[in-house]
Number of protein chains: 2
Amino acid sequence: MVEKKNSSTEQKILEAAMLEFIEKGMAGARMQEIANRAGINKALLHYYYRSKDKLFGVVFRQVFHAIAPKFSTIFQSEEDLFDKIRHFVSEYISLIHSTPHIPVFVLHELSSNPGRLSESFMDISINFDRLKQQIDEAVEGGRIKPIVPEDLIINIISLCIFPIIARPIIMPVLYEDNPDQYNQMIERRKTQAAEFIINAIKS
Amino acid sequence: MVEKKNSSTEQKILEAAMLEFIEKGMAGARMQEIANRAGINKALLHYYYRSKDKLFGVVFRQVFHAIAPKFSTIFQSEEDLFDKIRHFVSEYISLIHSTPHIPVFVLHELSSNPGRLSESFMDISINFDRLKQQIDEAVEGGRIKPIVPEDLIINIISLCIFPIIARPIIMPVLYEDNPDQYNQMIERRKTQAAEFIINAIKS
DNA sequence: ATTTAGTTTAACCAATTAGTTTAACCAATT
DNA sequence: AATTGGTTAAACTAATTGGTTAAACTAAAT
């Protein structure tokens, strides 16, 4: 018992639950397995989080928070539009690459459980106002080609997230299952994807 | 009993199973619910497909085939590169938009079941050779900016699929939960996404 | 020394679920 | 009329699983 008893147990449970839920989804996750991963037993698990539902709710919110707020922080900054795109693409690809299963987990749960989880957006303030404004200004100032701000935002995010969540398909199909080649591609994207976007819009 | 008895039962089961599996995933799907959806009873369901595993295998393969081969057919054609991109983007967005849950389903199952399903790629011949060649030629001929063919292919596919699978996030966050606005965006993309890509690469 | 919060062990309950079995039914075939 | 293949209904098995309970143990705090 080197452990300081309780202290981090709640946290250990949460981390174990995150792993299990992200890997197997709500339906596929097992409370026993979460307990195992946390190095505790089932009774204690229920002692901390009364039910699977409750625990899942906490995990989902936490996981969602882990990837969503980055939007605001970078997008609301006062950088130049092009630099902001470069900055965001690089940072966001790094973030997602470090936790590649999260987006699929979130999308799958939202997809198979429409409604119930939509509250999760409520508390998160994803704010694109400054970025939208910047895009509009750049369009009107003739710096970039006409584009609906929302469309550009969607393009940027698509190019960051999809190549990472589609790894199980991309790696075998395009890179003969060679992880190095795949990782090189992701590294490349941190700069290349941004330039791709900028080339697409600059007039 | 207007039905011609057996004949289409196997097909009805398959369709019901597709719905259930795509919606709930392998772990969340229920054999009883599949039987209900097919309008038959559980005994008959097992009579046709011995086990859930077997049924899932058939469904997964079939679902995967439904969205993968389009790659080859369009990408191997002898169209001009830019037209091919326009053609593919429009067709593929339409296809995915008509069955928006499939990509998330596939990615989720591949993600939570690495290995076991990788055989599914085997039989499918996704062939990008002609497209890669075309891109290389266009780069060497100076028609487009230098780019690794694989990178461009990934960009194209990302811009088609992601905006559709991320609908549960995009619609509330960017369009105040208004489906019309969302659908307009998807319609717009059928042409705009292609032009975005072409602008990004043409020199 | 006693209390207390955290923890374990192990048994247990109730519900769900994949899969099986049996008997009967129906419609077309022979 | 008898056979046959598809089908149903319903009961059942066996395993899994979420959740509970009760008793005992441990270490720190009082």
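Reader: Which side chains does B:Asp151 meet in a salt bridge?
Author: The partner of B:Asp151 is A:Arg188, with 2.6 Å from N to O. A salt bridge here is a side-chain nitrogen of Lys or Arg within 4 Å of a carboxyl oxygen of Asp or Glu. Keep in mind that this is a predicted model, where local features need pLDDT of at least 70, side-chain atom pairs count only at pLDDT 80 or more, and totals for chains, interfaces and linings use all residues. Residues are numbered from 1 along each chain as its sequence is written, chains are lettered from A and ligands numbered from 1 in the order in which they are written, and side-chain values use heavy atoms, with hydrogens and water left out.

Reader: Ok, and how many salt bridges are there across the interface of chain A and chain B?
Author: The rule finds 2 of them.

Reader: Which elements of chain A give two or more residues to the side that touches chain B?
Author: They are helix 1 (9-28), helix 7 (101-112), helix 10 (149-165), helix 11 (167-175) and helix 12 (179-201). Helices are DSSP runs of H or I with at least four residues, numbered from the N terminus.

Reader: Which one gives the most?
Author: Helix 10 of chain A, with 12 residues.

Reader: What's that side made of, by class?
Author: On chain A it has 32 nonpolar, 9 polar and 7 charged residues. Ala, Val, Leu, Ile, Met, Phe, Trp, Tyr, Cys and Pro count as nonpolar, Asp, Glu, Lys and Arg as charged, and the others, Gly among them, as polar.

Reader: How much area is buried between chain A and chain B?
Author: About 4,200 Å², and carbon and sulfur atoms give 74% of that. Buried area is the accessible area (1.4 Å probe) that two parts lose on being put together, summed over both.

Reader: What does B:Lys42 sit next to, then?
Author: A polar side-chain atom of B:Lys42 is 2.5 Å from a base oxygen of DNA strand C.

How values were computed: Polar contact = N/O pair within 3.5 Å; in protein donor to acceptor, adjacent residues only side chain to side chain.
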